[in-house]
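This note sets out a series of numbered points for a student who is reading a protein model for the first time. Please keep the sequence and the structure in view while working through them.

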Amino acid sequence: MPFLLPLLLQAYSPETEAVMNRSRREKQEERAAAAAAVNPAAAAPARADGKIPVPAKFAAPFQACLDQAIESPDAGIAFAQKWRIDGGSFYARHCMGFAYARAERWTPAIVAFEQAAEEAERSGEMVEAARLWAQAGNAAMASGDLPKARGDFDAALARGLPDGLEKGEVHLDRARALVALNEPDAARDSLDVALAQAPKDPLGWLLSATLARRSGEMRLAQAHIARAVQLSPDDASVALEEGNIAVLTDHEDIARAAWARAVKLAPDSPSGKAAADNLSRLPVAKPAR
């Protein structure tokens, strides 16, 4: 179906919506992740989820600062500024970055997270510094500053995150930035690491499938979108890309069903609207005899 090729290859980028969804989701989940990190046990070892407990000295004010930021970003910023002066260390700057991000004030959020990362490094907390560099990268992504995002993600990875989910997520974030910067080879390198380190994240398989489709690696695209569908069957972005790949591999029936699912799941989203447009370009299905 040559009339569909310009639409599928150029007009819509499902990973763009995935990037925005990830940014919104991270904002919603930040409180839970940060709260899970707060633990009064000082100098405790890393847990199975990779989070290092906050030392007792900082745990209560850190949680209080986060709570303030959730209730009112301006109140969180004020709390963090005072706490920083009173000896809050990089945890105060971390909370300040979180508060600015809650307000979608991305430039000061980037500065706060980067300053927190640098202060954590000076304190010898290299893994925590890596996490903060990664948060700075995500704030830069949200602001649209893709070169800075790539630099911050590179800084995070250079600090030596241990193998596992966190390292995989940072490689995935780096790959998202590189795709947006039109650096597919470098993006593929990071994606391969992300898929190995964080195999249960459907966004990695979605982005990998999209990248494979764009480079003409259709067997890889089919395999990876199948994994994304398995992990996230109710995601309209995944359904849209499933249809894109199916129509380019001469499986019109699968494409039609996948796009219809995307429309049903999220009719008003960019994915749902793109899927509806794709469906309108397909020939009318012949009734079964």
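1. Terms for exposure. A residue is called buried when its relative accessible area is under 20%, exposed when that area is over 50%, and partly exposed in between. D277 has a relative accessible area of 30%, so D277 is partly exposed. The points below use these words in the sense given here.

2. The model is a predicted one. The protein chain contains 15 helices and 0 strands. The chain has 289 residues, and 48% of them count as buried. Among the contacts with a separation of 6 or more, 55% are made by residues 24 or more positions apart.

3. The pair R281 and D277. The residue taken as the example in the opening point has a partner: D277 forms a salt bridge with R281, and their closest N and O atoms are 3.2 Å apart. Both belong to helix α15 (residues 270–281), where a spacing of 4 residues separates them by about one helical turn. R281 has a relative accessible area of 36%, so R281 is partly exposed.

4. The pair R188 and D192. How many salt bridges does the structure hold? The count is 15. In one of these, the side chains of R188 and D192 meet at 3.3 Å, N to O. The two residues are 4 residues apart in helix α10, which means that about one helical turn separates them. Is R188 buried or exposed? Its relative accessibility is 15%, so R188 counts as buried. D192, at 40%, counts as partly exposed.

5. The pair E242 and R261. A salt bridge also joins E242 to R261, with the closest N and O atoms 2.7 Å apart. This pair links distant parts of the chain, since E242 lies in helix α13 (residues 236–248) and R261 in helix α14 (residues 252–265), 19 residues apart. E242 has a relative accessible area of 17% and is therefore buried. R261, at 26%, is partly exposed.

6. The disulfide. The structure holds 1 disulfide. Which residues does the disulfide join? It connects C65 to C95, with an S to S distance of 2.1 Å. C65 is in helix α3 (residues 56–71) and C95 is in helix α5 (residues 89–102), so the pair ties together parts that are 30 residues apart in sequence. The torsion about the S-S bond of C65 and C95 is about -100°, and the disulfide is therefore left-handed. Both C65 and C95 are buried.

7. Aromatic residues. The count of aromatic pairs comes to 5. One aromatic cluster is formed by F58, F62, F79, W83, F90 and Y91. The student may wish to find each of these six side chains in the structure view.

8. Helix α8, its length and ends. Helix α8 covers residues 146–158, which is 13 residues. From its first C-alpha to its last, α8 reaches 18 Å, close to the 18 Å expected at 1.5 Å a residue. At the start of α8, a side-chain oxygen of D145 comes to within 3.2 Å of the backbone nitrogen of K148. G160 follows α8, and the phi of G160 is positive, near 85°.

9. Helix α8, its buried residues. Which residues of α8 are buried? They are L146, A149, D152, F153, A155 and A156. Against which helices do the buried residues of α8 pack? Their packing partners are α6 (106–122), α7 (126–143) and α9 (165–180).

10. A residue in a loop. E183 is found in the loop between α9 and α10 (184–197). The relative accessibility of E183 is 28%, so E183 counts as partly exposed. Leaving aside residues up to four places away in sequence, E183 touches R150 and L178.

Terms used: Residues are numbered from 1 along each chain as its sequence is written. This is a predicted model: local features need pLDDT of at least 70, side-chain atom pairs count only at pLDDT 80 or more; totals for chains, interfaces and linings use all residues. Side-chain values use heavy atoms; hydrogens and water are left out. The expected span of a helix is 1.5 Å times one less than its number of residues. Buried means under 20% relative accessible area, exposed over 50%, partly exposed in between (1.4 Å probe, protein chains only). Contact means heavy atoms within 4.5 Å. A polar contact is a pair of N or O atoms within 3.5 Å; within protein, one must be able to donate a hydrogen and the other to accept it, and residues adjacent in sequence count only if both atoms are side-chain atoms. A disulfide is a pair of cysteine sulfur atoms within 2.5 Å. Rings of Phe, Tyr and Trp (its six-membered ring) pair if their centres lie within 6.5 Å; planes under 30 degrees apart count as stacked, over 60 as edge-to-face and the rest as tilted. A salt bridge is a side-chain nitrogen of Lys or Arg within 4 Å of a carboxyl oxygen of Asp or Glu.
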